[in-house]
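Morning, everyone. I have one structure to walk you through today. Please look at the picture first, and then we will go through it piece by piece.

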Amino acid sequence: MAVRPLAPVRTVEHAPDVTRSRWAWVVAGVSFVALIGAAGFRATPGALIEPLQREFGWSTATIGLAVSVNLLLFGVTAPFAAALMERFGVRKVVACALTVVAIGSGLTVFMTTSWQLVLLWGVLVGLGTGSMALAFVATITGRWFVKQRGLVTGVLTAGGATGQLVFLPVVASLAESSGWRSASIVVAVAALAVVPLVLLLLREYPADLGVPPYGGTEVVPRPVPAGGAAKRAITALTSAARTGPFWYLAGGFAICGATTNGLVGTHFIPAAHDHGMPTTTAAGLLALVGVFDIVGTIFSGWLTDRVDSRILLAAYYVLRGASLLVLPQLFQDSVHPSMLVFVIFYGLDWVATVPPTVALCREVFGLSAPVVFGWVFASHQIGAAIAATAAGLTRDHFGNYAPAWYVAGFLSIGAAFLSMRIRRSPVGSGDPTGDLQPTRT
């Protein structure tokens with residue numbers, strides 16, 4: 001269904017008050033902190049696989065199933081969360097999402113069977129973090145920024161992805177010194193601590209403050225969502241699914257998810273442990289990936305404002321594929337320079353794909369872009385879920401992860417070809433009303 005403004009846009013004849021014009025950056029800052037808060041629990045699976053196996057005797061595949069459910073719901077929830085944000089507001093959805101993450105994380109201390117792991121790690125935390133996924137980033141940047149939109153997308157994306165990785169050494173250290181339950185409680189508290197900040201400072205639209213988006217010259221009234229949130233999400237999917245660019249974006253992003261969250265994010269630590277590397281050391285390497293991810297993703301956002309997004313995606317996927325193909329030869333019982341080179345190289349590319357993917361969605365799908373990107377992101381998490389389970393099964397069957405790394409490397413190179421198949425739309429030709437029409441490619 002279309003989302004139409006209440007009234008014609010209003011041109012700002014005089015520059016608005018400087019403090020009020022900076023609200024876009026306040027909103028971006030609060031969103032950044034909220035994304036980090038939600039990222040805490042997403043850091044725990046990789047660091048807690050070994051402790052859970054020791055205590056409960058669960059196989060890698062069993063734990064991988066819980067992670068897969070989490071990753072799947074993390075993605076599938078995103079488009080519905082984007083539609084809910086349109087209907088009920090970002091502030092309410094984000095506050096509820098952080099609360100659900102805290103509940104799911106906190107209740108894990110009482111679990112005794114694997115189905116409870118699936119329910120808490122998989123379902124509750126998957127739903128909560130899915131409502132704080134990259135569709136949230138697309139919503140914030142689409143509403144509040146005209147200039148530097150790509151750069152802000154990169155910064156917010158880095159907040160979510162890097163927060164997850166930076167939490168890893170903290171979670172691993174807590175699990176080793178105080179037990180995995182202490183780590184879960186700390187994550188729950190971190191998520192809850194962000195809720196008051198969201199309720200106090202997050203704002204819905206620039207028009208609420210009488211200012212244009214950052215870099216804009218017109219105050220755009222709040223749009224009026226037509227129909228329910230679920231209907232809005234499904235309508236956006238059915239319309240977008242009739243276009244070629246949607247499937248190329250979704251296919252490439254599915255591979256992106258498989259080669260990051262699903263494989264490296266979940267299985268890098270146990271893979272390194274298989275070669276004698278201490279869990280805390282491996283977690284530190286993933287945290288270092290997060291540090292370089294900040295640089296890579298922000299730089300990718302800057303490039304997205306200046307370079308053809310298709311070319312950027314193709315380059316990122318090829319480079320990622322090459323790095324994964326050499327990774328099996330780099331695992332040892334200690335950190336060697338070659339592994340550090342991989343960490344730096346891979347870290348720069350970790351989620352650099354997000355800003356150009358968001359930009360292409362906005363270009364092709366116009367006002368429907370946040371919800372459509374939610375579905376593209378759902379494909380990202382479907383790929384991640386498949387990879388998390390498949391890699392666990394690979395480890396159980398072959399005794400090592402090597403086949404999983406090689407398959408992921410070749411898939412990444414394939415994603416580069418999908419990206420180059422996307423036909424660019426002329427600037428400003430994206431769907432202006434939210435009613436998508438099929439696009440031939």
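**Overall fold and contacts**

Let's start with contacts across the chain. Take the contacts with a separation of 6 or more: 86% of them join residues 24 or more positions apart. Keep in mind that this is a predicted model. The chain has 17 helices and 4 strands. It holds 441 residues, and 56% of them count as buried. The accessible surface comes to about 16,800 Å². Carbon and sulfur atoms make up 68% of that surface.

Now the inside. Which residues touch the most other members of the largest nonpolar core? They are Val94, Phe268, Leu327, Met339, Phe373 and Trp405, out of 95 residues in that core. Helix H11 gives the largest share, 13 residues. There is also a second, separate core of 21 residues. Met111, Leu117, Leu120 and Val171 are among them.

Pick out Phe373 on the screen. Leave aside its neighbours within four places in sequence. Phe373 is then in contact with several residues, including Leu134, Ala138, Phe253, Val358 and Cys361.

Stay with H11 for a moment. This helix covers residues 244–274, and Gly251 is found in it. Gly251 counts as partly exposed because its relative accessibility is 23%, and the cut-off for buried is under 20%. Gly251 and His380 are 129 residues apart in sequence. In space, their C-alpha atoms are 8.2 Å apart.

Next, charges. Side chains of opposite charge can pair when their charged atoms come close. How many salt bridges does a search of the whole structure find? It finds 5.

Glu55 sits in helix H3 and Arg181 in helix H9, so the pair ties together parts that are 126 residues apart in sequence. Glu55 is partly exposed, at 39%. Arg181 is partly exposed too, at 30%.

Next, Arg395 and Asp274 meet in a salt bridge at 2.6 Å, N to O. Arg395 has a relative accessible area of 23%, so it is partly exposed. Asp274 is partly exposed as well, at 34%.

Then Asp349 and Arg320, where the closest N and O atoms are 3.0 Å apart. Asp349 is in helix H14 and Arg320 in helix H13, so this pair ties together parts 29 residues apart in sequence. Are these two buried or exposed? Both are buried.

Two loop residues now. Thr108 lies in the loop between helix H5 and helix H6. Its relative accessible area is 0%, so Thr108 is buried. Its side chain makes a polar contact of 3.2 Å with the side chain of Ser184.

Gln148 lies in the loop between helix H7 and helix H8. Most residues other than glycine have a negative phi. For Gln148, phi is positive, near 55 degrees. Gln148 counts as partly exposed, at 37% relative accessibility.

Last stop, the surface. Ile294, Val295, Ile344 and Leu348 make a nonpolar patch of about 290 Å². Helix H12 and helix H14 each give two or more residues to the patch. Ile294 is found in H12. Its relative accessibility is 35%, so Ile294 counts as partly exposed.

That's my tour. Questions, please.

Conventions. Residues are numbered from 1 along each chain as its sequence is written. This is a predicted model: local features need pLDDT of at least 70, side-chain atom pairs count only at pLDDT 80 or more; totals for chains, interfaces and linings use all residues. Side-chain values use heavy atoms; hydrogens and water are left out. Patches are made of residues with over 30% relative accessible area and no salt bridge: like charges are joined within 9 Å, nonpolar side chains (Val, Leu, Ile, Met, Phe, Trp, Tyr) within 5 Å. Accessible areas come from the Shrake-Rupley method with a 1.4 Å probe; for residues, only the protein chains shown count as cover. A salt bridge is a side-chain nitrogen of Lys or Arg within 4 Å of a carboxyl oxygen of Asp or Glu. Buried means under 20% relative accessible area, exposed over 50%, partly exposed in between (1.4 Å probe, protein chains only). A polar contact is a pair of N or O atoms within 3.5 Å; within protein, one must be able to donate a hydrogen and the other to accept it, and residues adjacent in sequence count only if both atoms are side-chain atoms. Contact means heavy atoms within 4.5 Å. A nonpolar core is a set of buried Ala, Val, Leu, Ile, Met, Phe, Trp, Tyr and Cys residues joined through side-chain atoms within 4.5 Å.
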